Every structure is written in structure tokens, then in C-alpha cells.
Amino acid sequence: MPSGKLPPAAGQLQLNFCKTLTCPNFGSMDEQDYLVQRSNPARPTLVCRECGAFPPLLNNQQVHAELIAQRQLHADGLCACTNPACEHLGKPVLTYRHCYHAFGYSGDRQRYRCKGCQSTFVDRWSGINKKSELQQKLLAFLFTGHTVREICRRLYLNPKTFYDHLNQIAARCRQKLAAYDTRFLSDTSTGHLASVHAPLQPNSENGVQWLATGEAHSGYILLQDVNYHSYDHDHLTEHHDPYQDACRFMATTNAGQRSEPTPRPDGLLGRVDAKYREVFSRSNVEDPYTQPLHFIYPNRGTLIRPQYTTYAHYLNLKPFIDHWQHIVVFSPQEPLLRSACLSVFEADIRDKRVSHVYVEQDPYWQPGSEPEKIDIVLLSWWRDRWAFTRSGAGSKAICDHGQNKGREAYWLTHASCDAMKKYQQHFHQQFALLVNEPRRRLRPGGLLPLLDIYRAWHNLCWQDHAHITPAQRLGLTDRPLTLADLML
């Protein structure tokens, strides 16, 4: 196999290296440590000379471009710098006052100038929300299961005005959450995070995946992204070539034919092992769309290859928690989440400051249950060290990729992705009519502002069985907020 060059770095960003933690080449960016070939697409592009691992290659410029696109989307409507080339992009004035100067007024609204790029912008939220009452009614109808048509009829709105209001509400929710997010991140020095992914519209088969990361035990959501842009791109690629520009944009011809569902294995060990077999059926183990998979490409917008969305998601998360002393990230069994986390936090993992843990359990497992007996099993080509246990009728398994032996019982009791999974399940239940509306299945862009509204409502307003919100559990508020509070 001839050796070649790795895809060029994007500034200091190089994500192409061995992802095996026990390998001496883990994190090494020296091209002499790898075999790189581009002539035979049926063979791995990158192979580690030390351990034989074959991590897929990424276009670093495209990861960085997706990172900027995500930051612009998160900052949309915020009182913050919107210059993609500025280091202060998306940093709100409310929590990063040292990055900006007050720069006069535009009417009755405060104007600011960024110290980094000298661009100016106006604080849209410094005045009174004159549409608060109407927007509260709109939200009340949305959260009680009314369709867009019914809401427009009751509030005497046309559909365009409805979506204009929805975008304004989403921007206001992002602004409201920015202060709470910053307070949580600055007051925390160690924590357990969890990342989960699921289809945005489970019944649509449109290929849009929804990735969310938050505090594992309270359920407070910090960051969420989808592998979808609501606008069309001119340059789409049928096959992923990390040496080509625009390779993160998927072409419509990637949608495969419907395949027969495989039977679900019995037992947790069987399901974990079956997941590894499914992963190795992919030509790219980090891209679920490189196996036979049926989906219907959206009529509007563009799908992004999941690995670019996921790596950019963790790159967005990293500066928020750089000052934390110890971080553990839980996730379901998915190599894409594992590889993205290990790649982005590579230096922190070497310093034992960050670790990643797979968590799988069956529906009968009771949270907080003590493990009865722990069985250690090495699975897959990677020889991942899994710990399996039972408690009553329930089963649970964890895989600590740091292989810190002796911590299995602790993680089996405390590691969990349940709060994140319930967050996504509640969204699908709460907005079932909107999510499953036939005309929206191939037009998912209309759901993007709803995701921001739902995150704010979930973090600040939604109460669990103990009548406590996720923000209250973290000590960020002393009471649940109302819809009126969100609109202030």
C-alpha cells in the first residue's frame, strides 16, 4: 500500500490520527506513522503502522467550515458578534462584556462594537417586547398540540407571519438561555455529560439526525445540532473524498433502497455484539450512511455527512468546558460519538482530564440500581472492555474507553444517558402533529426554530415528577420559569 499525505490541517486543526487509546500513535499527526492510499476505494484509506487500526479520514477544512456554520446558527439573533472570521463569533454581550464596547444607540436600542473585528451590531432585546402576549398564545397553542393551520386560524395569522413569530421567539429563547448556560459553565469545575443522537423525524426517513449534549443527571441541555442546512448548496458529492472541497455535503443519489430489517437479538450482550457487526458493515465506520440504508432526501435544504456535524459539535463544546478539571462523557454505543469525542479532547484524554464511556441498558433497568455480579467481556476488533451486570429483571453494560479498571461498579450505577434520551422522546411526543405532518417530512427546516424553543422550555420551564426543572437542579434558578418569562 503506497504511503501518501494526510488531508491538510485547517490552521491548528488536524483530526486525522490513530483513535486507539492504547496505541503509541494515538494523537500522532506524523505521516510516517501511517499508511495512506487513495488508489483503491475498497481498501482503508488510512492504516496505523503500530496497531493496524483504520480510522476514516476527514477533510479538516470542511470540519472547520461546519463549525463556523453551527456557531452562526447558535448565535442567530443573539446580541453578539456575527462575523465568521472573528474569535468573538457568537459570544453574547451579556456574558462576554470584555469583548465589546458600548457604541451609542440606534433609536432606543443599544449599539455595540466588537473589540476583535470592529464590526457593530444592535441589541434587539434592549427594548420592550410589544408582541409578548401574542407570542405567548402562539406558544401555548404549540405546546398543547395544535397544528399550524389551527393556530393561524385562531390568532388570525397567515403562515408566513406564524413562522416569522416562531423565528423571533427562537432568537429570544437563545438569548434567554445564554445567561443560564454561561452561569452553569462558569460555576462548574467537574461534571458528567451525555451525548445522544436520534432521527429528528422518526417516521419521515429523511436522513436528518439530531445530536444533543447536556448534563447527564439533571437533563440540562447545553448544545444541540442537526446534520442539515435549510438552504441548498451547489456542490454536492455522491461519495466521500476527504481530499475534495465541499465533501461534507451529501448528494441526493446517496439515498439507498429499502432493506429488510434484521431481527433484534435477545439479551443485552447480543445487541451490543450485533451493533459492532452493523458498524463493520459500513465502508466508513464513522458514517452510518455508508451502509445500505434507505432514506428520502429532503426537497429543500442539504444533508451534511454525520461525521462533520458530530466533530463540529464537540469542537463547539470544547471551549465551554476547557476550565473544567475532570469531565466524563457518556454516550450510547456508536463509534462516531466515541471517535469525535476522543479526537477533539485528545490532549485532555492524555492528561486523564476527559474520559468517554459507552452506556447501554434494557428498559427494565432501574436507575441507581446496584450491580449484582459484573462480567467482563472483550468485544469487536477494537477489543473494547465491556462490563455487564444484572439487577432484578434489568441488564446494563458500560465500556470505559480509558480502561480504568476497578471503576466498573461505579459506572454501572451512575453512568446514564436516560435524561438526554427522554429529552428527545418528549420532543417527539410533545410536537407529534408537527413532526409527523406529511408535508413537513421532506421540509424539516421548519422544525429548527422549534428545537431552540423546546430547549429553553425544557431547561427552564419543564418540571419532572418532583416538580423541579433541570435549571433548578443545577441551582441556576429558584423557581420554574413561565412562557411569559421566556418572552420578556
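**Figure 1. Contacts across the whole chain of the predicted model.** Of the contacts between residues at least 6 apart in sequence, 65% join residues at least 24 apart. The model shown here and in the other figures is predicted. The chain contains 14 helices and 15 strands. For 488 residues, a compact globule would have a radius of gyration near 23 Å, and the chain agrees with this at 23 Å. The C-alpha trace spans about 65 × 55 × 45 Å along its principal axes. Of the 488 residues, 54% count as buried. The accessible surface comes to about 22400 Å², and carbon and sulfur atoms account for 50% of this surface. Among the side chains of the chain, 54 are positive and 47 are negative, with the centres of the two sets 5 Å apart.

Figure 2. Strand β4 covers residues 109-114, and its side chains alternate between two faces. Strand β3 (residues 100-106) pairs with β4 in the antiparallel sense over 5 bridges, and Ser106 stands opposite Arg109. The hairpin of β3 and β4 has 2 residues between the strands, and Gly107 in this hairpin takes a positive phi near 70°. Strand β5 (residues 120-122) pairs with β4 over 3 bridges, also in the antiparallel sense. Arg111 has Val122 of β5 as its bridge partner. Between β4 and β5 lie 5 residues, and Gln118 in this turn has a positive phi of about 70°.

Figure 3. Strand β8 (residues 221-226) is largely enclosed by the rest of the structure, because 6 of its 6 residues are buried. Strand β7 (residues 209-215) pairs with β8 in the antiparallel sense over 5 bridges, and Ala212 stands opposite Gln224 in β8. The hairpin has 5 residues between the strands, and Gly219 takes a positive phi near 85°. Glu205 is placed in the loop between β6 (190-199) and β7. Its phi is near 55°, a positive value in a residue other than glycine. Most residues other than glycine have a negative phi. Glu205 is partly exposed, with a relative accessible area of 32%.

Figure 4. Asp452 is found in helix α12, which covers residues 448-460. With a relative accessible area of 18%, Asp452 is buried, since buried means under 20%. Leaving aside residues up to four places away in sequence, Asp452 touches Ala170, Cys173, Arg174 and Gln224. The C-alpha atoms of Asp452 and Ile169 are separated by 8.9 Å, although the two residues are 283 residues apart along the chain.

**Figure 5. The hairpin of β13 and β14.** Strand β13 (residues 375-379) and strand β14 (residues 384-391) pair in the antiparallel sense over 5 bridges. Asp375 has Phe388 in β14 as its bridge partner. The hairpin has 4 residues between the strands. Ser380 is found in the loop between β13 and β14, and Ser380 has a positive phi of about 70° although it is not a glycine.

Definitions and conventions. Residues are numbered from 1 along each chain as its sequence is written. This is a predicted model: local features need pLDDT of at least 70, side-chain atom pairs count only at pLDDT 80 or more; totals for chains, interfaces and linings use all residues. Side-chain values use heavy atoms; hydrogens and water are left out. Buried means under 20% relative accessible area, exposed over 50%, partly exposed in between (1.4 Å probe, protein chains only). Two strands pair if DSSP finds at least two bridges between them. The radius of gyration is taken over C-alpha atoms; the globule rule is 2.2 Å times the number of residues to the power 0.38. Contact means heavy atoms within 4.5 Å. Accessible areas come from the Shrake-Rupley method with a 1.4 Å probe; for residues, only the protein chains shown count as cover. Lys and Arg count as positive and Asp and Glu as negative; His and the chain ends are not counted. The place of a charge is taken as NZ of Lys, CZ of Arg, CG of Asp or CD of Glu.
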